[in-house]
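Subject: Structure handover

Hello,

Here is the structure you are taking over. Please look at it first, then read the notes below it.

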Amino acid sequence: QRFKDLNLAFTRHPVTADVTIKSDAEAIKFAIRNLLLTKKYEVPFHPEIGSSLVGQLFENYTVAMKNIVTQEIKNVVLNYEPRAEVLDVLYEGVPYENRLNVVVIFRIVNISEPITLNILLERTR
């Protein structure tokens, strides 16, 4: 089964001049990245969609924070991305710069090979 999503950068295809598409693993990576970077209450009429990962940048770096980040990522993917299953979440925090480098290892449903997604979370203000 092939998965296709629109490329939200809205780049033009050089031959057809239509909006390009992302397919298979790239489409799911892009969808997971968007879900994790979307804050709750940011999507109109769907306040439940999104995550609280950006808010974790202001917390102390502890074992409890690692558990919260891991559970948040697993819950978001489980609830809003049925095409993927999270295998592991790794992260490295840079506390003095309020940055969090998150590595999500997941697999596409019905495909056994793992896929890695790197997300850098950092404060924008």
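Helices (H or I, at least four residues) and strands (E, at least two) are DSSP runs, numbered from the N terminus. On that basis the chain has two helices and five strands, and along the sequence they come in the pattern β-β-α-α-β-β-β.

Two notes on the source. Residues are numbered from 1 along each chain as its sequence is written, and side-chain values use heavy atoms, with hydrogens and water left out. The model is predicted: local features need pLDDT of at least 70, side-chain atom pairs count only at pLDDT 80 or more, and totals for chains, interfaces and linings use all residues.

The whole chain

The C-alpha atoms fill a box of roughly 50 × 35 × 30 Å, taken along the principal axes. Of the 125 residues, 31% are buried (buried means under 20% relative accessible area, exposed over 50%, partly exposed in between, with a 1.4 Å probe and protein chains only). Contact means heavy atoms within 4.5 Å. Among the contacts with a separation of 6 or more, 39% involve residues 24 or more positions apart.

The sheet

Two strands pair if DSSP finds at least two bridges between them. Three strands make an open sheet in the order E3-E4-E5, with antiparallel pairing. Which strands stand at the edges? They are E3 (84–94) and E5 (114–122); each has a single partner strand, so one side of each is left without a neighbour in the sheet. Neighbouring strands are turned by 20° against each other on average, direction ignored. Here axes are lines fitted to C-alpha atoms, for helices over the stretch in contact, and angles run from 0 to 180 degrees between N-to-C directions.

E3 and E4 run antiparallel and are joined by ten bridges; in this pairing Val89 stands opposite Val104 in E4. The hairpin of E3 and E4 has four residues between the strands, and Asn98 takes a positive phi near 50° there. Strand E4 (residues 99–108) also pairs with E5 in the antiparallel sense, over nine bridges. Val102 has Ile119 in E5 as its bridge partner.

The helices

Helix H1 (residues 25–37) packs on the sheet and touches E3, E4 and E5; its direction makes about 30° with that of E5. Helix H2 (residues 63–80) lies across E3 and E4 and runs at about 145° to E3.

Lys29 lies in helix H1. Is Lys29 buried, exposed or partly exposed? Lys29 is partly exposed, because its relative accessible area is 21%. Leaving aside neighbours within four places in sequence, Lys29 is in contact with Phe106, Ile115, Thr116 and Leu117. Lys29 and Val104 are 75 residues apart in sequence, and their C-alpha atoms are 9.6 Å apart in space.

The loop between H1 and H2

Most residues other than glycine have a negative phi. Tyr41, in the loop between H1 and H2, has a positive phi near 70°. Tyr41 counts as exposed because its relative accessible area is 70%. Phe45 is found in the loop between H1 and H2 too, and its phi is positive, near 70°. With a relative accessibility of 83%, Phe45 is exposed.

Regards
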